Amino acid sequence: MAKLIRNGTVVTAADQYQADVLIENGIISQIGLNLELECAEIIDAQGCYVFPGGVDPHTHLDMPFGGTVTADNFETGTKAAAFGGTTTIIDFCLTNKGVPLSESVQTWHNKAEGKAVIDYSFHLMIAEINDEVLAELPKMIHDEGITSLKVFMAYKNVFQADDGTLYRTLLEAKRHGALVMVHAENGDVIDYLIKEALDAGNKEPIYHALTRPSLIEGEATGRAAKLTALANSQLYVVHVTCEEAVQQIAEARNLGIDVWGETCPQYLMLDQTYLEKPDFEGAKYVWSPPLRPKEHQDALWTALKNGQLQTLGSDHCSFNFKGQKELGLGDFSKIPNGGPCIEDRFSILFSEGVLKGRITLNQFVDIVSTRSAKLFGLFPKKGTIAVGCDADIVIFDGNAARVISSDTHHMNVDYNPFEGLEITGEPVTVLSRGEYVIQNKKFVGTPGIGQFVKRKTYPSEPLQIKPKQDTVGQRGATHV
Ligand SMILES: [Zn+2]
């Protein structure tokens with residue numbers, strides 16, 4: 001049924017204006033003043049923002065890790081995402097050495113199909129480069145529409161790939177039009193530091209942070225950026241946590257290297273002292289990379305504001321405190337890494353970013369939706385409000401005050417890392433391709449209605465960075 005959103009304030013990454021939005025057949029068909037369509041259902045957005053649905057570029061649903069499986073699957077995870085204003089997620093498809101990529105992708109399709117309540121896509125993990133992988137990659141990118149490849153520089157003996165694999169992935173990505181994503185930490189050094197800490201009898205959660213210093217996140221970020229330059233390729237650094245990594249990304253971008261950076265709400269809001277909470281509660285705050293000393297938060301906010309970091313991912317990877325995080329009792333290295341954030345990413349950025357004057361409203365939309373849609377080949381189907389786009393829309397009450405709590409959240413996990421955080425702003429109604437998923441703060445969606453979205457190759461828009469030719473003197477001032 002056609003829907004007409006009236007009286008709202010439409011906000012995109014570029015504009016903010018009063019307009020009605022008409023939706024027909026799941027697509028935005030008209031935007032204008034005083035629109036009429038007799039058969040359309042009217043949605044009154046008086047006093048509310050009309051935002052494009054959030055695009056979360058970084059989720060882990062139904063993922064095995066550390067001898068357990070994440071608490072949220074594609075049904076509970078996407079439902080919570082929708083409550084929070086996110087209408088598209090890109091989840092990480094894990095792969096195993098020796099297993100065809102197509103088989104891993106099918107496994108991920110099986111996890112999502114029949115469950116997702118919003119649209120989704122996958123990034124593809126690259127564990128090794130060999131003849132089989134080289135033969136399969138073009139098919140994954142061009143036929144399956146999976147146009148981003150993830151390489152882990154950490155998690156030794158689990159996910160970690162060596163520099164040669166990263167370099168060859170960068171070359172293949174350039175050749176076929178994919179964006180390479182890295183988890184940038186020095187896994188070899190971390191492996192040593194963990195052993196050293198455990199040998200010394202240091203087993204509490206805080207040692208998770210102390211064995212992964214920010215310096216080696218910066219080191220790995222810089223190394224990945226330099227390999228990207230060598231391969232003349234393109235790089236997206238996931239979950240940037242610290243000033244050292246921001247500096248490496250900024251430096252690379254100033255040299256015209258095509259490097260992008262993502263951070264996550266937990267790194268903007270929480271700090272290393274959370275890992276010192278008594279009674280093993282610090283385990284709730286074990287992410288990799290870890291939470292940092294508080295002074296890094298300013299560097300991340302500044303980087304979002306000035307464009308050195310461009311996106312916000314949730315890195316949603318939920319494990320219950322009871323029974324799952326507890327696997328690391330007596331040995332911090334066995335605590336499952338990750339936390340729940342898929343629901344709160346959008347509103348935290350609005351409340352802490354826009355309302356506290358750290359970013360503008362247009363920057364908010366860009367960071368939470370548009371930029372990820374552009375980088376990952378979803379734009380303009382996703383990520384904005386314009387005629388012809390999917391009607392993925394959030395009607396958002398920018399004045400609603402509330403307190404984040406596991407008592408009221410919709411994620412299938414027994415704690416919330418932002419418990420007690422007072423924020424302002426809440427999605428009221430959320431549409432996915434013109435259909436209600438959330439209506440007046442109630443879930444009315446249907447598991448299985450979410451569709452897998454094949455994505456365009458990279459770059460899918462004119463590059464914003466133009467690499468200069470050889471001489472150093474020509475470099476700098478390369479942003480246009
Ligand atoms: Zn992740």
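Guide: Contact here means heavy atoms within 4.5 Å. By that criterion, 76% of the contacts between residues at least 6 apart in sequence join residues at least 24 apart in the protein chain. This is a predicted model, in which local features need pLDDT of at least 70 and side-chain atom pairs count only at pLDDT 80 or more, while totals for chains, interfaces and linings use all residues. Residues are numbered from 1 along each chain as its sequence is written, and side-chain values use heavy atoms, with hydrogens and water left out.

The part to look at is Met153. Met153 sits in the loop between strand S11 (148–152) and helix H4 (163–176); helices (H or I, at least four residues) and strands (E, at least two) are DSSP runs, numbered from the N terminus. Met153 counts as buried because its relative accessibility is 4%, where buried means under 20% relative accessible area, exposed over 50%, and partly exposed in between (1.4 Å probe, protein chains only). Between Met153 and Gly353 there are 30 Å in space, C-alpha to C-alpha, and 200 residues in sequence.

Now the whole chain. Of the 480 residues in the protein chain, 61% are buried. The protein chain holds 12 helices and 19 strands. Its radius of gyration is 21 Å, close to the 23 Å from the globule rule for 480 residues, so the chain is as compact as a globular protein of that length. That radius is taken over C-alpha atoms, and the rule is 2.2 Å times the number of residues to the power 0.38. The C-alpha trace spans about 70 × 55 × 45 Å along its principal axes.
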